[in-house]
Amino acid sequence: NIEIRLYQLVNFLENGSPVRMSKRKGHFITLKEVVDRVGKDVTRYMMISRHHDVMIDFDFVKAVEFSMDNPLFYIQYAHARICSVFKYYKEIFNVNDVSYKDLLQVDKSSILDEAEINLLKQLSFWPEQVKSTALAVEPHRIPIYLREIASQFHSLWSKGKAEEQLRFINKNDKEKTLAKLSLLKAIQVVLSDGLKILGIT
């Protein structure tokens, strides 16, 4: 069975200013032109990140900015930051890789901060989030969820700059570092899976 959901209008903007279209004059923007200009990932994210009953404001300039104001970049940057932590860990402890087995078996009792616990709780909802999204046929729920995960991660990253015990890498304690990395791996897996579901790199 195929179910078709009609979406509201899309307002195209150029750095906040409306891009005028006219059916009468034949001035309009095709989906191909949008994809050619900003890429498939940005187009897909912008079109799917709102409920189908909500009008979409699509700003060509803001959609491709490498800034925290760009929701897709915000999510992808969280994933990239986690990759950089794992790379740094390998350099500091002179290892080639971090195994899932090590991350599963490490003592996680050092993960105590409220921000860390809240993030773990949020991550635990991921399977239910996918299920409810599919049952409701409301794909916008996944981008919203991923953005919340990214937001909590970036907040934890910032807290780590001020509070040493929240830093992901402890050069003098490999066990505590692996415990933090187990949390980061969970975040990374959820962000990666979520973007794959949306068809985004």
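Helices (H or I, at least four residues) and strands (E, at least two) are DSSP runs, numbered from the N terminus. The model is predicted: local features need pLDDT of at least 70 and side-chain atom pairs count only at pLDDT 80 or more, whereas totals for chains, interfaces and linings use all residues. Residues are numbered from 1 along each chain as its sequence is written, and side-chain values use heavy atoms, with hydrogens and water left out.

**The whole chain**

Begin with the protein chain displayed as a cartoon. Its 9 helices and 3 strands follow the pattern β-β-α-α-β-α-α-α-α-α-α-α along the sequence. The C-alpha trace spans about 70 × 35 × 30 Å along its principal axes. Of the 201 residues, 38% are buried (under 20% relative accessible area; exposed is over 50%, partly exposed in between; 1.4 Å probe, protein chains only). Among the contacts (heavy atoms within 4.5 Å) with a separation of 6 or more, 72% join residues 24 or more positions apart.

Select F12 and F58 next. Aromatic rings of Phe, Tyr and Trp (its six-membered ring) pair if their centres lie within 6.5 Å; planes under 30 degrees apart count as stacked, over 60 as edge-to-face and the rest as tilted. By this rule there are 10 aromatic pairs. F12 and F58 make a tilted one, with 5.6 Å from centre to centre and 50° between the planes. Because F12 lies in strand β1 and F58 in strand β3 (residues 56-59), the pair ties together parts that are 46 residues apart in sequence. F12 is buried at 10% relative accessible area, and F58 is buried at 0%.

Then select R37: its charged end sits over the ring of F60, 4.4 Å from the centre (NZ of Lys or CZ of Arg within 6 Å of the ring centre and within 35 degrees of the ring normal).

**Helices α2 and α4**

Move to helix α2 (residues 40-48), where the buried residues are D41, V42, T43, Y45, M46 and I48. Their cover includes α1 (31-38), β3, α3 (60-63), α4, α8 (141-162) and α9 (174-198).

In helix α4 (residues 71-93), select Y89 and F93, which are 4 residues apart and separated by about one helical turn. Both Y89 and F93 are buried. Select F86 as well, with K185 over its face at 5.0 Å from the ring centre.

**Further salt bridges**

The count of salt bridges comes to 8. One of them joins the side chains of K159 and D113 at 3.2 Å, N to O. Since K159 belongs to helix α8 and D113 to the loop between α5 (100-105) and α6 (114-124), this pair ties together parts 46 residues apart in sequence. K159 is partly exposed at 28% relative accessibility, while D113 is buried at 19%.

Another to select is R141 with E138, whose side chains meet at 2.9 Å, N to O. Here R141 is partly exposed, at 26%, and E138 is buried, at 18%.

Technical notes
Salt bridge = Lys/Arg side-chain N within 4 Å of Asp/Glu carboxyl O.
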